[in-house]
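Visitor: I am new to this one and would like to be walked through it. Could you show it to me before I start asking?

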Number of protein chains: 2
Amino acid sequence: MNRTRGRTASGETASAVLDIAERLVQTRGFNSFSYADVASELSVTKASLHYHFPSKAELGEALIDRYTERFAVALAEIEASERDAGKRLDAYVGLYADVLQNERMCLCGMLAAEYETLPGPMRAAIVRFFELNEAWLAGVLTEGRRGRGLSYAGSPRETARGIVGGLEGWMLVARAHGDLARFRPTARRLVANLAGVA
Amino acid sequence: MNRTRGRTASGETASAVLDIAERLVQTRGFNSFSYADVASELSVTKASLHYHFPSKAELGEALIDRYTERFAVALAEIEASERDAGKRLDAYVGLYADVLQNERMCLCGMLAAEYETLPGPMRAAIVRFFELNEAWLAGVLTEGRRGRGLSYAGSPRETARGIVGGLEGWMLVARAHGDLARFRPTARRLVANLAGVA
DNA sequence: GTCTATAGGCAGATAGAC
DNA sequence: GTCTATCTGCCTATAGAC
């Protein structure tokens with residue numbers, strides 16, 4: 001039976017390609033992995049990959065879109081399970097800590113470093129990822145300040161960007177230091193400082 | 001007259017090569033520029049570059065070493081010109097803001113993203129850069145707390161790493177947002193939050 | 001959907017003339 | 001120190017058989 005494929009390829013093979021490519025981008029970067037890398041891991045040929053993702057740029061877009069969608073789901077789950085703003089921030093930090101624990105960078109943090117070399121559609125998708133995160137955090141920060149749990153200087157938006165960028169940079173440096181274990185508690189404290197957790 | 005060249009090449013051409021390669025790494029990344037890029041800008045051939053820097057890895061090492069040395073000089077200048085801990089932190093933020101104003105990432109922040117793909121000697125040099133920065137900041141933070149100008153939770157070392165990583169990440173995201181202008185004041189405020197500036 | 005085969009280009013690097 | 005010429009290998013991508 002043949003499934004209908006969407007624009008971004010939704011079959012099982014395509015999904016396996018995305019899984020492998022995602023890990024490679026998160027560890028090595030978009031410009032430092034090749035179709036050959038993915039093909040050998042999947043035990044197929046490079047030509048097969050081009051059937052699912054005609055160009056590397058389209059593969060890149062699909063990667064970011066899927067990653068962003070998963071993040072959106074995770075954010076919704078945090079909102080459903082935590083009511084307190086401080087605890088929501090802790091859970092948010094946990095998303096990044098889990099990524100680093102897998103010895104990976106955030107996909108979009110990695111791509112942000114390569115931003116200048118990427119095609120327009122990928123750039124736009126990266127900005128959307130950050131926009132989603134900042135908007136969600138700004139909401140948490142606004143509510144938290146109203147409820148007196150948080151007391152930060154500056155706007156919620158600016159503070160939200162500080163948290164997102166901070167997490168990206170702390171991951172980056174922690175990975176170079178080979179210091180994965182301390183990330184979670186340290187990042188929690190730093191975020192608490194930025195957000196003025198009571 | 002022929003100058004004696006050191007291990008890392010100290011002639012004028014070598015210096016021009018480093019200038020061009022540095023900018024390319026800071027904007028595009030180490031794996032996204034080539035000897036051909038540098039050669040065409042310098043109007044020489046690729047083969048000439050290999051005379052000064054036999055391998056790309058050696059060029060990379062020389063880049064990091066020079067960058068780190070310049071940073072060390074800048075840190076010493078800050079210590080000489082500012083006595084107050086808060087002002088020293090502001091001046092430190094200024095170093096990063098100046099880099100971003102030139103539409104560049106921090107050299108070592110960029111390389112940290114590519115860390116997994118880099119040869120051992122380059123990795124070690126990157127870690128030395130972060131180590132230098134964290135040690136210097138830890139000193140400022142220790143003094144600032146003793147003098148009651150600063151009041152942060154956690155150790156000076158951890159807070160120092162928070163500042164370094166934070167600046168790297170804020171640069172990364174600001175560049176993707178095309179938001180160079182707001183970086184300086186925002187980063188100042190965020191660092192002040194992390195360090196507990198009175 | 002996956003394959004073989006190949007195109008066309010660019011990468012880092014070297015040999016040897018000048 | 002810089003050049004021309006060249007090597008080897010990898011890259012993204014395509015054509016066309018099965």
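Visitor: How many salt bridges does a search of the whole structure find?
Guide: This is a predicted model, and the search finds 30 salt bridges over all chains.

Visitor: What lets such side chains pair up?
Guide: Side chains of opposite charge can pair when their charged atoms come close.

Visitor: Which residue forms a salt bridge with A:Arg66?
Guide: The partner of A:Arg66 is A:Glu22, and the closest N and O atoms of the two are 3.5 Å apart. The pair links distant parts of the chain, 44 residues apart. A:Arg66 belongs to helix 4 (residues 56–81) of chain A, while A:Glu22 belongs to helix 1 (residues 12–28) of chain A.

Visitor: And between the chains, how many salt bridges are there between chain A and chain B?
Guide: The count between chain A and chain B is four. A:Glu158 forms a salt bridge with B:Arg189, for example, with the closest N and O atoms 2.9 Å apart.

Visitor: How many residues does each chain give to that contact?
Guide: Chain A contributes 34 residues and chain B contributes 34 residues.

Visitor: What area is buried there?
Guide: About 3400 Å² is buried between chain A and chain B, and carbon and sulfur atoms give 62% of that area.

Visitor: At what angle do helix 8 of chain A and helix 7 of chain B pack?
Guide: Helix 8 (residues 156–177) of chain A and helix 7 (residues 120–146) of chain B pack at about 115 degrees, and their axes are 10 Å apart. The crossing is left-handed. A:Val173, A:Ala176 and A:His177 make the contact from helix 8 of chain A, and B:Val127, B:Phe130 and B:Glu134 make it from helix 7 of chain B. These residues divide into four nonpolar, one polar and one charged.

Visitor: Now the other pairing: which residues make the contact of helix 7 of chain A with helix 8 of chain B?
Guide: Helix 7 (residues 120–146) of chain A packs with helix 8 of chain B at an angle of about 115 degrees, the axes being 10 Å apart. From helix 7 of chain A come A:Val127, A:Phe130 and A:Glu134, and from helix 8 of chain B come B:Val173, B:Ala176 and B:His177. Here the residues of the contact are four nonpolar, one polar and one charged.

Visitor: Let us stay within chain B. How do helix 8 and helix 9 of chain B pack?
Guide: Helix 8 (residues 156–177) and helix 9 (residues 183–195) of chain B pack at about 155 degrees, with axes 10 Å apart. The two helices are therefore roughly antiparallel. Helix 8 of chain B makes the contact with residues including B:Leu167 and B:Trp170, and helix 9 of chain B with residues including B:Phe183 and B:Leu190.

Visitor: How do the residues of that contact divide?
Guide: In the contact of helix 8 with helix 9 of chain B, eleven residues are nonpolar, two are polar and none is charged.

Visitor: One last topic. Where is A:Pro156 found, and which residues does it touch?
Guide: A:Pro156 lies in helix 8 of chain A. Leaving out residues up to four places away in sequence, A:Pro156 touches A:Ala138, A:Leu141, A:Thr142 and A:Arg145. The C-alpha atoms of A:Pro156 and A:Gly139 are separated by 7.7 Å, with the two residues 17 apart along the chain.

How values were computed. Residues are numbered from 1 along each chain as its sequence is written. Chains are lettered from A and ligands numbered from 1 in the order in which they are written. This is a predicted model: local features need pLDDT of at least 70, side-chain atom pairs count only at pLDDT 80 or more; totals for chains, interfaces and linings use all residues. Side-chain values use heavy atoms; hydrogens and water are left out. Axes are lines fitted to C-alpha atoms, for helices over the stretch in contact, and angles run from 0 to 180 degrees between N-to-C directions. Helices (H or I, at least four residues) and strands (E, at least two) are DSSP runs, numbered from the N terminus. Angles under 35 degrees count as roughly parallel, over 145 as roughly antiparallel, 65 to 115 as roughly perpendicular and the rest as oblique. Contact means heavy atoms within 4.5 Å. Ala, Val, Leu, Ile, Met, Phe, Trp, Tyr, Cys and Pro count as nonpolar, Asp, Glu, Lys and Arg as charged, and the others, Gly among them, as polar. Buried area is the accessible area (1.4 Å probe) that two parts lose on being put together, summed over both. A salt bridge is a side-chain nitrogen of Lys or Arg within 4 Å of a carboxyl oxygen of Asp or Glu. A crossing is left-handed if the near helix is turned anticlockwise from the far one by less than a right angle, and right-handed if clockwise.
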